[in-house]
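Please look through the sequence and the model shown here.

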Amino acid sequence: MAGIPDHIKALAELSPVEDLLLAILRKGLPGIRVKSLIDRHEQFPLVLVRRDPTFGQWAADTRFTDAARVVVNCFAEDPDGDSDAAILSEAVRVVLRDSWLNHEVVPGRGHITRVDMNSSPRRASDWATATGPVQYADLPTGVWRYESVYDIQIRKPRTRPFPLP
């Protein structure tokens, strides 16, 4: 038997926060690659979303909500990579805020009930800050990265992500 049994999957009430944010950002940023992992030969512009592992507190009822600190990295290439990455970071902020204020529901993933910017977008010179991606040591030549951090609160989906068949 490969994988875990369906009755075990059915116990899960929440899916990874990255899955919710990938769906929201892909819809809100058409034409932009939005991912949670870096390919060996990456293409830009790119938005990279990852949950920060240092944040693990729930401020509300764990039966209904999740909370996460999320690191968002925006990458763009020259000739205007620095400016483009900064603008892309701002676009991410707007998409997340609008998703929250418009109560946008992602089926099987839930919806954002609050977004707080923990750290404003800032230029980073390489891949490897403490919270940034560390798969590779150096950014490709001519690629710029802006990193920002958000605290996200999530309402779980009406149906479990892996209901019994």
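Within what distance do the axes of α2 and α3 come, and at what angle do they cross? The axes come within 10 Å and cross at roughly 115°; axes are lines fitted to C-alpha atoms, for helices over the stretch in contact, and angles run from 0 to 180 degrees between N-to-C directions. The two helices are therefore roughly perpendicular to each other, a term for angles of 65 to 115 degrees. Contact (heavy atoms within 4.5 Å) is made by Leu21, Ile24, Leu25 and Gly28 of α2 and by Val92, Val95, Leu96 and Ser99 of α3.

This is a predicted model, in which local features need pLDDT of at least 70, side-chain atom pairs count only at pLDDT 80 or more, and totals for chains, interfaces and linings use all residues. Residues are numbered from 1 along each chain as its sequence is written, and side-chain values use heavy atoms, with hydrogens and water left out.

Helix α3 covers residues 81-101. Its buried residues (under 20% relative accessible area, 1.4 Å probe, protein chains only) are Gly81, Ala85, Leu88, Ser89, Val92, Val95, Leu96 and Ser99. Seen down the axis of α3, they fall within an arc of 125°, so they line one face of the helix; the arc is that of the directions from the helix axis to the C-beta atoms. Their cover includes α2, β2, β3, β5 and β6. Just after α3, His103 has a positive phi of about 55°.

The protein chain has three helices and six strands, which are DSSP runs (H or I, at least four residues, for helices; E, at least two, for strands) numbered from the N terminus. Of its 165 residues, 39% count as buried.

Terms used. Expected span 1.5 Å × (residues − 1). Buried < 20%, exposed > 50% of the residue type's maximum accessible area, 1.4 Å probe, protein only. Parallel < 35°, antiparallel > 145°, perpendicular 65-115°, else oblique.
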